[in-house]
Amino acid sequence: MAAEGDKMLGGRFVGSTDPVMEMLSSSITYDQRLSEVDIQGSMAYAKALEKTGILSKTELEKILSGLEKISEEWSKGVFVVTQTDEDIHTANERRLKELIGDVAGKLHTGRSRNDQVVTDLKLFMKNSLAVISTHLLQLIKTLVERAAIEIDVILPGYTHLQKAQPIRWSQFLLSHAVALTRDSERLAEMKKRINVLPLGSGALAGNPLEIDRELLRSELDFASISLNSMDAVSERDFVVEFLSVATLLMIHLSKMAEDLILYSTSEFGFLTLSDTYCTGSSLMPQKKNPDSLELIRSKAGRVFGRLAAILMVLKGLPSTYNKDLQEDKEAVFDVVDTLNAVLQVATGVVSTLQINKENMEKALSPDILSSDLALYLVHKGMPFRQAHIASGKAVHLAESKGLTINNLSLEDLKSISPLIGSDVSQVFNVVNSVEQYTALGGTAKSSVTAQIEQLRELLKKLKEQA
């Protein structure tokens with residue numbers, strides 16, 4: 001229990017704080033991750049205070065020297081957190097006073113933890129987004145380059161988890177790559193709204209010292225300056241936006257993970273996952289469990305939970321800063337760590353899995369060419385709705401005879417439509433099937449090749465924005 005004299009902000013209070021209340025209020029156990037950006041913000045603010053005349057040049061040099069020493073202690077892991085350090089801001093300020101004396105108390109002049117913490121969080125997120133974007137682009141590149149190498153592999157495509165039409169394996173890989181490019185674009189777009197400087201807004205009313213916010217903006221490398229002090233200290237739109245983008249990214253990763261889990265089962269047998277990303281069973285020695293993909297799938301729920309939680313925290317808050325906003329940092333830290341981990345694991349899984357081409361080909365049952373028979377009749381002049389019915393009749397006839405559709409005799413097929421000729425045999429060929437889809441975005445080789453080239457160009461642009 002901290003006594004009044006031990007507390008940096010204790011002048012207003014008499015007696016001591018309930019120890020459980022102190023534990024509930026304290027954030028130093030997790031917000032010490034902001035140590036470096038907190039020091040960066042303080043260095044910039046000290047320079048602005050020197051410009052206003054609050055600090056002399058000598059005092060500024062002492063403060064900057066002390067902050068550099070604290071930064072070194074954090075980087076070496078030797079900074080000692082004390083029981084009275086409520087958060088990273090008070091910890092750094094307390095240590096600064098130990099190093100340089102009472103002049104450290106001038107650093108907080110005109111500054112509030114309200115504008116300090118949101119500045120720290122934005123600086124942290126700017127750095128974190130760059131790392132996340134790099135990992136995401138690497139995953140997209142891995143999918144694209146694998147698609148280029150394995151472009152001739154054909155397997156069944158599924159709707160409703162039932163065989164639908166033949167597709168190229170590359171078309172499957174690129175479907176996930178394209179979804180992830182949208183996530184990359186969203187990450188880049190949200191940087192504009194993170195990149196607004198809140199420092200210099202004070203507690204809520206602004207800064208009374210004619211602080212040079214343009215100097216602060218330049219020192220901390222923000223693109224613009226917040227327009228309204230009350231909004232600046234309380235808005236967490238950028239947190240919600242990040243968690244929203246992260247949730248959608250995780251949903252895309254979860255879908256990809258689910259597809260790969262299914263394809264790796266013995267029931268499908270389309271691919272084999274590397275042992276590096278699997279585990280065994282504690283009871284069944286034959287088991288090879290796709291834990292990496294299952295964990296990716298589960299983390300989508302975790303990230304969405306963080307988004308839902310912060311939305312509920314923000315809903316109904318009165319204007320400006322409230323202690324509720326302390327919840328934002330744990331959510332951001334957790335999601336940043338989650339994204340960095342799952343993106344790297346997903347890249348590892350995709351780059352190391354082995355496809356089982358023979359099993360893919362065996363799964364290409366003739367019935368998935370039924371829509372090709374309908375298209376054949378369309379090319380013969382039959383309206384599509386009638387062609388669809390005719391193809392369905394062929395499927396039913398084959399089933400009634402215990403045959404596959406490609407083994408129906410020409411006479412059987414002619415009984416369904418006289419338009420069917422001996423050239424119908426061309427229909428029952430999976431390569432011919434996929435090569436029909438030459439329109440942009442289709443699964444024909446020319447279309448898939450075009451997708452790969454477009455994605456390679458897009459990756460260059462996204463890398464510039466990252």
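Me: Which residues of helix α8 (residues 213-220) are buried, and how do you know that they line one face of the helix?

Reply: In this predicted model, the buried residues of helix α8 are R213, L216 and L220, where buried stands for under 20% relative accessible area, exposed for over 50% and partly exposed for what lies in between, with a 1.4 Å probe and protein chains only. Looking down the axis of α8, these buried residues fall within an arc of 55 degrees, so they line one face of the helix; the arc is that of the directions from the helix axis to the C-beta atoms. They pack against α3 (35-52), α6, β3 (196-197) and β4 (224-225). The element names follow DSSP runs numbered from the N terminus, with helices (H or I) of at least four residues and strands (E) of at least two.

Me: Why is the pairing of D87 with R113 called a salt bridge?

Reply: The term requires a side-chain nitrogen of Lys or Arg within 4 Å of a carboxyl oxygen of Asp or Glu, and the closest N and O atoms of D87 and R113 are 2.6 Å apart, so the pair qualifies. D87 lies in the loop between α4 (57-76) and α5 (88-100) and R113 in helix α6 (residues 113-149), so the bridge ties together parts that are 26 residues apart in sequence. D87 has 6% relative accessibility and therefore counts as buried, while R113, at 24%, counts as partly exposed. Over the whole structure, the search finds 32 salt bridges, and one network of them links E73, D85, R94, R95 and E98.

Me: What makes D334 buried and R302 partly exposed?

Reply: D334 has a relative accessibility of 12% and so counts as buried, whereas R302, with a relative accessible area of 42%, is partly exposed. The side chains of D334 and R302 meet in a salt bridge at 3.0 Å, N to O. D334 belongs to helix α12 (residues 327-352) and R302 to helix α11 (residues 291-314), so parts 32 residues apart in sequence are tied together.

Me: Why is the aromatic pair of Y263 and F268 called tilted?

Reply: Rings of Phe, Tyr and Trp (its six-membered ring) pair if their centres lie within 6.5 Å, and planes under 30 degrees apart count as stacked, over 60 as edge-to-face and the rest as tilted. The ring centres of Y263 and F268 are 5.8 Å apart with the planes at 45 degrees, so the pair is tilted. By the pairing rule, the count comes to nine aromatic pairs; among them, F124 and F333 are edge-to-face, at 5.0 Å centre to centre and 75 degrees between the planes. That pair links F124 in helix α6 with F333 in helix α12, 209 residues apart, and F124 is buried at 10% relative accessibility, as is F333 at 4%.

Me: How do you know that the charged end of K126 sits over the ring of F222?

Reply: A charge sits over a ring if NZ of Lys or CZ of Arg is within 6 Å of the ring centre and within 35 degrees of the ring normal. The charged end of K126 is 4.3 Å from the centre of the F222 ring and sits over it, and K122 likewise lies over the face of F238, at 5.0 Å from the ring centre.

Terms used: Residues numbered from 1 in each chain as written. Predicted model: local features only at pLDDT ≥ 70, side-chain atom pairs only at ≥ 80, totals over all residues. Heavy atoms only, no water. Contact = heavy atoms within 4.5 Å.
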